[in-house]
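This report describes how parts of one protein structure pack together. The sequence and the model come first, and the description follows.

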Amino acid sequence: MADKIATRDSYGNALVELGKAHDDLVVLDADLAAATKTGTFKKEFPERHIDCGIAECNMMGIAAGLATTGKVPFASTFAMFAAGRAFEQVRNSIGYPQLNVKIGATHAGISVGEDGATHQCNEDVALMRTIPGMTVIVPSDDVEAKAAVKAAYEHQGPCYLRFGRLAVPVINDKPDYKFELGKGVVLREGKDVTIIASGLPVSNCLEAAEKLAADGIDAEVINIHTIKPLDEELVLASAKKTGKVVTVEEHSVIGGLGSAVCDCLSEKAPTKVLKIGVNDVFGESGPAVELVAKYGLDTESIYQKVKSFN
């Protein structure tokens, strides 16, 4: 079994590595450094870590101000607070002036588990996609999350990075792995159906593809780590090859990866699409792994849904 690491841990570790190389990197947190894992950066660079207290909207304003002085701030908190509570500040203070602020949003999606519906943010990608000029990144594992943080630092402009609480298998630990903003990754070639996934369910989609293969269904699996800008070229090429597309995301089926893919296909290559995600409902409190299964994002659920999709 592959190692399992939560992408929030990857975030904390990546910040420390980047911090050693770049003096202009500053990390902000909203009284959640232990949970968002920015505490590891604080330990290493206490003078470059700012705890803004439970005041996320203010934190975004501070990050915006720091960006105007040439610093590269990473504003960190739970996705529910980063995208939800602070939406107006992110839109008006960061997005509108196109400031170089990176938002590290942890504890996204249903896998937050016992914290329940109020903290299980399944709407953040939809919200952030609507902000002009915002780059939206949803890494699938430890390798990708670290690469995404580095790419976000190097990118000029606002970025939203989405990380999870639940440990997920490492699937990108290959010597030829390359992370490029706006470029999807074909993890498995196939001809019968295209599975396009982001974040936590990517590893489950790979496992589901193996089960489908045993049934004679050859599934292509694509990992889309950058939701915006979307790799339309790859989406279109695969859809034209297989004629059927399934999107899988730990997010609402409204406004996230599935919607981005449908926007692209309906305009440029009308294709039958099945969206797998959180179906316009709130989450609930419970063990993360059980919730992932209950909301249909586990390997077996994905396998059954793709198998019955004609």
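## Helix packing

Helix α9 (residues 202–214) packs against helix α13 (residues 299–307) at an angle of about 50°, and their axes are 8 Å apart. Axes are lines fitted to C-alpha atoms, for helices over the stretch in contact, and angles run from 0 to 180 degrees between N-to-C directions. Helices (H or I, at least four residues) and strands (E, at least two) are DSSP runs, numbered from the N terminus. This is a predicted model, in which local features need pLDDT of at least 70 and side-chain atom pairs count only at pLDDT 80 or more, while totals for chains, interfaces and linings use all residues. Residues are numbered from 1 along each chain as its sequence is written, and side-chain values use heavy atoms, with hydrogens and water left out.

Angles under 35 degrees count as roughly parallel, over 145 as roughly antiparallel, 65 to 115 as roughly perpendicular and the rest as oblique. α9 and α13 are therefore oblique to each other. From α9, the contact (heavy atoms within 4.5 Å) involves Asn204, Cys205, Glu207, Ala208, Lys211 and Leu212, and from α13 it involves Thr299, Glu300, Ile302, Tyr303, Val306 and Lys307.

A second pair is α4 and α6, which pack at an angle of about 10° with their axes 9 Å apart. These two helices are therefore roughly parallel to each other. Here Cys57, Met60 and Ala64 of α4 meet Gln89, Val90, Ser93 and Ile94 of α6.

The table gives the residue classes of both contacts. Ala, Val, Leu, Ile, Met, Phe, Trp, Tyr, Cys and Pro count as nonpolar, Asp, Glu, Lys and Arg as charged, and the others, Gly among them, as polar.

| α4 with α6 | 5 residues | 2 residues | no residues |

## Nonpolar cores

A nonpolar core is a set of buried Ala, Val, Leu, Ile, Met, Phe, Trp, Tyr and Cys residues joined through side-chain atoms within 4.5 Å. Buried means under 20% relative accessible area, exposed over 50%, and partly exposed in between (1.4 Å probe, protein chains only). The largest nonpolar core has 46 residues, of which Met60 and Tyr160 touch the most other members. Elements that give two or more residues to this core include β2 (25–29), α4 (56–68), α7 (124–129) and α10 (232–242). The largest share, 6 residues, comes from α4. Apart from this core lies another, of 26 residues, including Ile110, Val193, Val248 and Leu291.

## Single residues and α10

Val125 is in helix α7 and counts as buried because its relative accessibility is 3%. Val125 and Ala83 are 42 residues apart in sequence and 8.2 Å apart in space, C-alpha to C-alpha. Leaving aside neighbours within four places in sequence, the contacts of Val125 include Val136, Arg162 and His251.

Phe309 is in the segment after α13. At 9% relative accessibility, Phe309 also counts as buried. Beyond neighbours within four places in sequence, Phe309 is in contact with Lys244, Val245, Val246, Lys272, Val273 and Leu274.

In α10, the buried residues include Leu234, Leu236 and Ala239. Among the elements that cover the buried residues of α10 are β13 (244–252) and α11. Just after α10, Gly243 takes a positive phi of about 80°.
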